[in-house]
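Subject: Structure handover

Hello,

Here is the structure I promised you. Please open it and keep it beside this message while you read.

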Amino acid sequence: MEGTMNPVLRQIWAELGIAEQVIAEKQLRLYDEAESLIDAEIADDGRVWQLTPAAAAAWHAMRQAALDDGIVLRIASAYRGTQRQVELIRRKLDMGQTIATILQVLAPPGCSEHHTGRAIDIYTPGGPVVEEAFETTEAYHWLAHNAQRFGFALSFPRDNPYGYVYEPWHWCFRPTQLA
Ligand SMILES: [Zn+2]
């Protein structure tokens with residue numbers, strides 16, 4: 001990322017107390033914001049989740065295949081822009097959490113896969129939402145066996161090198177990983 005550092009991100013990180021050294025140590029990369037997004041799903045509270053057209057199509061196909069197997073998959077989070085990531089981090093700072101703790105569960109602005117419009121946090125109704133216990137659900141089991149067929153991969157397994165907690169709910173559409 002050296003040489004390509006965006007001055008706006010630099011300023012955002014400084015304001016949040018995120019040292020650039022931390023980004024380098026965690027070997028985080030920058031993600032471009034999605035250029036085109038479509039509405040992929042509407043949450044029960046009316047919130048609209050957006051994805052890139054390709055990721056949305058893959059999500060819809062995967063969601064239907066899961067449903068055919070009796071598994072309900074829903075979106076807990078999809079596209080998030082840089083500013084939204086700033087808001088999420090600020091909210092945790094305001095609650096008294098340290099930035100080091102926050103960065104175990106939230107990427108620094110600019111470094112979140114959710115910026116790409118290809119990452120989805122998945123839950124199943126009645127199951128844990130964005131919690132490690134999602135791993136114990138039938139939905140997770142289904143994803144572990146089938147997600148790859150649709151181009152989705154688990155981004156943050158246990159002991160991942162980026163210093164994030166294990167995120168069994170976070171799947172990213174990376175069609176290059178299709179066999
Ligand atoms: Zn996520």
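Ala76 is partly exposed, because its relative accessibility is 21%. Buried means under 20% relative accessible area, exposed means over 50%, and partly exposed lies in between, with a 1.4 Å probe and protein chains only. Ala76 sits in strand S3. Helices (H or I, at least four residues) and strands (E, at least two) are DSSP runs, numbered from the N terminus. Ala76 and Asp121 are 45 residues apart in sequence, yet 5.2 Å apart in space, C-alpha to C-alpha.

Two notes on how to read this. The model is predicted: local features need pLDDT of at least 70, side-chain atom pairs count only at pLDDT 80 or more, and totals for chains, interfaces and linings use all residues. Residues are numbered from 1 along each chain as its sequence is written, and side-chain values use heavy atoms, with hydrogens and water left out.

His114 counts as buried because its relative accessibility is 2%. Asp121 is buried too, at 6%.

**The pockets**

Rolling a probe the size of a water molecule over the atoms shows where empty space is left. The search runs on a 1 Å grid over the protein atoms alone. A pocket is an open set of points where a 1.4 Å probe fits, with protein on both sides within 12 Å along at least five of seven lines. Lining residues have an atom within 4 Å of a point. Grid points are joined across faces, edges and corners, and a volume is the space filled by probe spheres set on the points.

The largest pocket holds about 470 Å³ of space. It has 26 lining residues, and the closest to its centre are Arg80, Val105, Leu106, Asp121 and Val130. Strand S3 (74-77) and helix H4 (82-94) each supply at least two lining residues. H4 gives the largest share, with five. By class, this lining has 13 nonpolar, five polar and eight charged residues. Here Ala, Val, Leu, Ile, Met, Phe, Trp, Tyr, Cys and Pro count as nonpolar, Asp, Glu, Lys and Arg as charged, and the others, Gly among them, as polar.

The second largest pocket holds about 210 Å³. Twelve residues line it, and Asn6, Leu9, Tyr31, Asp32 and Gly110 lie nearest its centre. Helix H1 (residues 7-16) gives the most to this lining, with three residues. The classes here are five nonpolar, five polar and two charged.

**The cysteines**

Cys111 is buried at 5% relative accessibility. Cys172 is also buried, with a relative accessible area of 1%.

**Helix H3**

Helix H3 (residues 53-68) has 16 residues. From its first C-alpha to its last, H3 reaches 23 Å, close to the 22 Å expected at 1.5 Å a residue. The expected span is 1.5 Å times one less than the number of residues. An α-helix has 3.6 residues a turn, so residues three or four places apart point the same way. In H3, the buried residues include Ala55, Trp59, Met62 and Ala66. Just after H3, Gly70 takes a positive phi of about 85 degrees.

**Two loop residues**

Val130 is not a glycine, but has a positive phi of about 55 degrees. It is in the loop between strand S4 (119-123) and helix H6 (138-146). Is Val130 buried, partly exposed or exposed? Val130 is partly exposed, because its relative accessible area is 37%.

Asp159 also has a positive phi of about 55 degrees without being a glycine. Its loop runs between strand S5 (152-154) and strand S6 (170-173). Asp159 counts as exposed, because its relative accessibility is 79%.

Best wishes
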